[in-house]
Amino acid sequence: DAAEALAAARKRAEELLHTERDRVRALDGERDAAAEPPADEAATVAVGDFVTAAALGSKPARVLEVRGDALVVAAGGIKMTVLRSTVRAARRPRAPDHVAAPTAVDGELPEDGARSEVDLRGLRIGEIDVVLQTALDNAIRADLPSLRVIHGKGTGALRERVGALLKGDRRVTRFRLGAWNEGGDGVTLAEFS
């Protein structure tokens, strides 16, 4: 009973597949027929006219040069040669109603929501370099005056590595351990110029 139902379902699926395949082939044939321009239309293309072609993604392109059966066209910043028989005449593309003025940006933009502190507790010595450098970069780009580095008290290994990294970074003008009300020996404060 189940085997018969499975066989019937497979047969129905194959029938649907063949039907859909025939529909797709028919649509492809219609598209190919529509893509072929009338012979007289392709023959009358001249320099300065706008044309479309499948090679251009059907976007309008201006004819720059006519070379026998080929046309040199430009669409946006792309210049290419297409066969005259593959193009159709097109209307001049409409200019946009509003063109935004370009804005000059020099350097990187500040990090949105840059944090004034970074917590390194629970990380290993080898893992903190990247985290601390990223936090320093973000704080400096956001023009923060300082960065609070939380490394915890523990054995002091993280504190020593943080000190070595801050000492080697020329952007850090000075750094110090936190006061009793700032986290004490478990925090290092780095200041920037």
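The model is predicted. The protein chain contains four helices and nine strands, and 24% of its 193 residues count as buried.

**Overall fold**
- Along the sequence, the elements of the protein chain run α-α-β-β-β-β-β-β-α-β-α-β-β.
- Among contacts in the protein chain with a separation of 6 or more, 53% come from residues 24 or more positions apart.

**Helices α3 and α4**
- Helix α3 spans residues 125-141 and helix α4 spans residues 157-167; their axes come within 10 Å and cross at roughly 45°.
- This angle falls between the ranges for roughly parallel (under 35 degrees) and roughly perpendicular (65 to 115), so α3 is oblique to α4.
- The crossing of the two helices, α3 and α4, is right-handed.
- On the α3 side, the contact is made by I125, I128, D129, L132, Q133 and L136.
- On the α4 side, A157, L158, R161, V162, L165 and L166 take part.
- Sorted by class, the residues in the contact of α3 with α4 are nine nonpolar, one polar and two charged.

**Residue T188**
- T188 lies in strand β9, which covers residues 187-192.
- The relative accessible area of T188 is 3%, and T188 is therefore buried, the cut-off being under 20%.
- The side chains of T188 and H151 are joined by a polar contact of 2.7 Å.
- Leaving aside residues up to four places away in sequence, T188 touches L147, R148, V149, H151, V162, L166, F175, R176 and L177.
- Of these neighbours, V162 and L166 are also among the α4 residues in the contact with α3.

Note on methods: Residues numbered from 1 in each chain as written. Predicted model: local features only at pLDDT ≥ 70, side-chain atom pairs only at ≥ 80, totals over all residues. Heavy atoms only, no water. Buried < 20%, exposed > 50% of the residue type's maximum accessible area, 1.4 Å probe, protein only. Polar contact = N/O pair within 3.5 Å; in protein donor to acceptor, adjacent residues only side chain to side chain. Contact = heavy atoms within 4.5 Å. Axes fitted to C-alpha atoms, helices over the stretch in contact; angles between N-to-C directions. Parallel < 35°, antiparallel > 145°, perpendicular 65-115°, else oblique. Left-handed = near helix turned anticlockwise from the far one by under 90°. Nonpolar A, V, L, I, M, F, W, Y, C, P; charged D, E, K, R; others polar.
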